[in-house]
Amino acid sequence: MNKIVGIVIIGLAMGFLWLVLILNNSKKNLVQVSSLTPTITQTQIEQRIDLKPAMEQIGQIVRGMNKVVVTPTPTTVPILKPTPKPTDDGLPWGVSTQVGNDTWTMKIGEDTTMATQKEILDALNEYRRVHGSQILTWNKKLGNYAQERADYLNGIKSVDEHTGFKNFVENEDGFNKLGFTALGENISYGYRLNGVHFIEWLYAGDKPHNDNQLDNRWNYVGIGVKGLATSLIFGTGKM
């Protein structure tokens, strides 16, 4: 009986030992199996960590590409055109210089627009008033002839030393055609000026032209303007 109990106890002990061994082996297997998960996760993390520099490089490349692709709005830069300098010809500014028997020249600046007939007439009469001369009356015949003269001067791009005017009054019965016993002329070409500047700068710049536009003999006037040419025809002794 004691033997049987001993065998049973030994058997139980051996069984228990075997069970322990099985459990230990199972535990080891479980540990090994459970240890696979962190190993895989760590590998993935390490792989992800390894991808970080690559991702940063890709980000830099993308940003670099964006810098290349994005075009800034162009800024309009005004181009400054050089201002032409006046020619240094030795002539003083604003002073008339005689260059022919009846011709003077003057170096002056220009206005933005050319004077009209009325602007010159108004400036002339105001200038005469200030200097004690009577106001001149517009005459249609004188105005028509003055316009013919301005057209001609603009066509030749110069003045003609009054040869056209002299030929008209001396050889073409100009006095009777215009209806006056005395006639005079002031002409210019090449100046873009307003009315006041024509009268008070240009024509007042030399004594013969200034005396002519202030002469108290004159009672009538006609004015022609064409391009850069002007003609003032004065008359008195209306017939």
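This section describes a sheet, the helices that contact it, and a set of salt bridges in a predicted model.

The strands considered here form an open sheet of 4 strands, arranged in the order S3-S5-S6-S4 with mixed pairing. Its edges are strand S3, residues 137–138, and strand S4, residues 180–189, each of which pairs on one side only. In general, the strands of a sheet pair through backbone hydrogen bonds, in either a parallel or an antiparallel manner. Strand S4 and strand S6, the latter spanning residues 229–238, run antiparallel and are joined by 9 bridges. Within this pairing, Ala182 is found opposite Thr236 of S6.

Helix H3, comprising residues 140–156, packs on the sheet and touches S3, S4, S6 and strand S5 (220–226). The direction of H3 makes an angle of about 30° with that of S5. Another helix, H7, formed by residues 207–214, lies across S4 and S6. The direction of H7 is at about 135° to strand S4.

Turning to charged side chains, the model contains 7 salt bridges. One of these is formed between Asp160 and Arg149, with a distance of 2.9 Å from N to O. Arg149 belongs to helix H3, whereas Asp160 is placed in the loop between H3 and helix H4 (163–171); the pair, 11 residues apart, links distant parts of the chain. Asp160 and Arg149 are both buried, the criterion being a relative accessible area under 20%.

Arg149 also takes part in a salt bridge with Glu185, in which the closest N and O atoms are 2.7 Å apart. Because Glu185 lies in strand S4 and Arg149 in helix H3, this pair ties together parts that are 36 residues apart in sequence. Glu185, like Arg149, is buried. Through salt bridges that share partners, Arg149, Asp160 and Glu185 are joined into one network. The helix that contributes Arg149 to these pairs is also the helix H3 that packs on the sheet, and the strand that carries Glu185 is the edge strand S4.

A further salt bridge is made by the side chains of Asp215 and Arg217, at 3.0 Å from N to O. Arg217 has a relative accessible area of 48% and is therefore classed as partly exposed, since the exposed class begins over 50%.

Conventions. Residues are numbered from 1 along each chain as its sequence is written. This is a predicted model: local features need pLDDT of at least 70, side-chain atom pairs count only at pLDDT 80 or more; totals for chains, interfaces and linings use all residues. Side-chain values use heavy atoms; hydrogens and water are left out. Two strands pair if DSSP finds at least two bridges between them. Helices (H or I, at least four residues) and strands (E, at least two) are DSSP runs, numbered from the N terminus. Contact means heavy atoms within 4.5 Å. Axes are lines fitted to C-alpha atoms, for helices over the stretch in contact, and angles run from 0 to 180 degrees between N-to-C directions. A salt bridge is a side-chain nitrogen of Lys or Arg within 4 Å of a carboxyl oxygen of Asp or Glu. Buried means under 20% relative accessible area, exposed over 50%, partly exposed in between (1.4 Å probe, protein chains only).
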